[in-house]
Amino acid sequence: MLTQSIDTTAAIGRKVAPTCATSDRFGVLTGHAGLVATEFTYRKDEEIYGEDEPAEYVYQVIRGAVRTYKLLSDGRRQIGAFHLPGDVFGLESSDAHRLAAEAILDTTMRLVKRRSLEQSAHSDVRVARDLWSITSGELQHAENHMLLLGRKTAMERVATFLLEMDRRLAKTGMIALPMCRRDIGDYLGLTLETVSRALSELQQQGVLGLSGARQIMLRNRERLADLEA
């Protein structure tokens, strides 16, 4: 929770000017609106906010990674999304967060007050348009995730996940996953054992190479795309 993080040494906060790199839509948006962001660092597995807590801020990951999730009544955890550097999250349709959020690794984020963004959107068409673009991207991801959980086999889910991470993380052909296999399972609605079995099978087929638990080299994207379809 943000208030807890400010009061402890677990999070380090400081005021920062908005970043206006052309590839950073959120930085451009806040810069255009004249908003000042606050930067905080959360430690691995630290809670950023809890389910049903007031949605007072909008967040952007600068370094590290975040998972948003819901604990089900039987104790299981369903991860809704992984937020990676550059991603924006915390835009809610109500006054409270639907999911909880935790740092997967030591993670630095930029925070902007939600009310300030909303006020800027009311008076500036460009800010409103950019906010809608970010929100629509989150909605599209949520729809795709719902279809993945409801209609795909275990292998198809793993293939879809690998291709998603390839698009978002791969730099030199190697995917360095910030999340563990249990996280992947809770995102895909699979057990840890099922995820590990699927990865091993894909490795045996020559579709991917594994270097440790979180380093993955995709060797046959066409085969993964066939599995995803």
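A cavity is a set of points, on a 1 Å grid over the protein atoms alone, where a 1.4 Å probe fits but cannot get out. By this rule the structure has one cavity of 30 Å³ or more, a volume being the space filled by probe spheres set on the points, which are joined across faces, edges and corners. This is a predicted model, in which local features need pLDDT of at least 70, side-chain atom pairs count only at pLDDT 80 or more, and totals for chains, interfaces and linings use all residues. Residues are numbered from 1 along each chain as its sequence is written, and side-chain values use heavy atoms, with hydrogens and water left out.

**Cavity**
- The largest cavity holds about 50 Å³ of space.
- Its lining (residues with an atom within 4 Å of a point) includes Phe161, Leu177, Met179, Arg181, Val195 and Arg214.
- Helix 5 (154-169), helix 6 (181-188) and helix 7 (192-204) each give two or more residues to this lining; helices are DSSP runs of H or I, at least four residues, numbered from the N terminus.
- By class, the lining has 10 nonpolar residues (Ala, Val, Leu, Ile, Met, Phe, Trp, Tyr, Cys and Pro count as such), two charged (Asp, Glu, Lys and Arg) and no polar ones (the others, Gly among them).

- Asp45, in the loop between strand 2 (37-42) and strand 3 (47-49), has a phi near 70°; strands are DSSP runs of E, at least two residues.
- Asp45 counts as partly exposed because its relative accessibility is 44%, between the limits for buried (under 20%) and exposed (over 50%), with a 1.4 Å probe and protein chains only.
- Asp52 has a phi near 75° and lies in the loop between strand 3 and strand 4 (57-63).
- With a relative accessible area of 59%, Asp52 is exposed.

Definitions and conventions:
1 Å grid on protein atoms, 1.4 Å probe; cavity = no way out; pocket = protein on both sides within 12 Å on 5 of 7 lines; lining within 4 Å.
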